Amino acid sequence: MNNTNQKIKILLLATACDLTNIIYTRLSKEFNISKVIIEQNSSKKTILIRRIKKLGILNVIGQVLFLILIAKPQRFFSSKRKIEILENAGLSEQEIPTSEINYVISVNDLATIQLIQKENPDLIIVNGTRIISSEVINSTKARFINIHAGITPLYRGVHGAYWAMAMGDKENCGVTIHYIDKGIDTGGILAQGIITSSKKDNFNTYPYLQFSTGANLFAEVIQKFNDGVLYEKQAPKGLSKLWYHPTLWQYLFYRITKGTK
């Protein structure tokens, strides 16, 4: 690493995905990310059971159909656009060195607490994990800061850019850096950025636009934390709402009526 900022010690707590790689490669250029903790993804069966209990079987069937019939084919045809977005932003999805990673079954396991306490970081940055328990948050003096692909509190949950587009709310289509608390994307807002999409963009490329903006915002937030001048921002006005994966029929409705891809 070629870190220029060694004052604070940072731990990255995340899931294994290319968006996590983007965050790591961007931030490790400037800051001391001393360790990475990666939690395993839940099994598909566990995810389905959890969603059915929360949303009902018809909604989950619709989500599965959307993933199979729309999202997966769209991901294949969007690969060039994804590369273009990252190149334009000067970002890379290069994999995190395995020597930097500790794997845990869940972010809320005792093993996670032990690793955090052993590392004793000043700041814990988070991407894509399960909801972090109070036990984990209270196990360290470090603050937890999350990158969220949506403008909170209006677009909490998942796919914040897609839902903002579907709602015709382009002025709130973006990314948020916020403190983690007991709620779902309800922590104090530290920075927010709005993205600009093109006709080439869709459900699969919005997150790369968000993380292209968000990675730089994250660096600015960490620098302010490093300098001791970090403060919370005022939340945008509007209804706080938790959003989920779209169903096939929701996607088709907004595709036809709003042109949202």
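User: Does Ser28 count as buried or exposed?
Analyst: Ser28 counts as buried because its relative accessibility is 9%. Buried means under 20% relative accessible area, exposed over 50%, and partly exposed in between (1.4 Å probe, protein chains only). This is a predicted model, in which local features need pLDDT of at least 70 and side-chain atom pairs count only at pLDDT 80 or more, while totals for chains, interfaces and linings use all residues. Residues are numbered from 1 along each chain as its sequence is written, and side-chain values use heavy atoms, with hydrogens and water left out.

User: Where is Ser28 found?
Analyst: Ser28 is in the loop between H1 and strand S2 (31-39). Helices (H or I, at least four residues) and strands (E, at least two) are DSSP runs, numbered from the N terminus. A polar atom of the Ser28 side chain lies 2.8 Å from the backbone oxygen of Tyr24.

User: And how do H1 and H8 cross?
Analyst: The axes of helix H1 (residues 18-27) and H8 come within 10 Å and cross at roughly 35°. Axes are lines fitted to C-alpha atoms, for helices over the stretch in contact, with angles from 0 to 180 degrees between N-to-C directions.

User: Turning to H3, why does its length agree with expectation?
Analyst: Helix H3 (residues 57-77) has 21 residues, which at 1.5 Å a residue should span 30 Å, and its end C-alpha atoms are 30 Å apart, so the two agree. The expected span is 1.5 Å times one less than the number of residues.

User: Where is the kink in H3 centred?
Analyst: The kink, of about 40°, is centred on Leu67. The bend at a residue is the angle between axes fitted to the seven residues ending there and the seven starting there.

User: What do the buried residues of H3 pack against?
Analyst: They pack against helix H2 (44-55) and helix H9 (248-258). The buried residues of H3 include Val60, Phe66 and Ile70.

User: Next, where does Ser240 lie?
Analyst: Ser240 lies in the loop between helix H8 (206-227) and strand S9 (242-243). It counts as partly exposed because its relative accessibility is 38%.

User: Which residues does Ser240 touch?
Analyst: Not counting residues up to four places away in sequence, Ser240 touches Pro153 and Arg156. Its side chain makes a polar contact with the side chain of Arg156 (3.2 Å). A polar contact is a pair of N or O atoms within 3.5 Å; within protein, one must be able to donate a hydrogen and the other to accept it, and residues adjacent in sequence count only if both atoms are side-chain atoms.

Methods:
Contact = heavy atoms within 4.5 Å.
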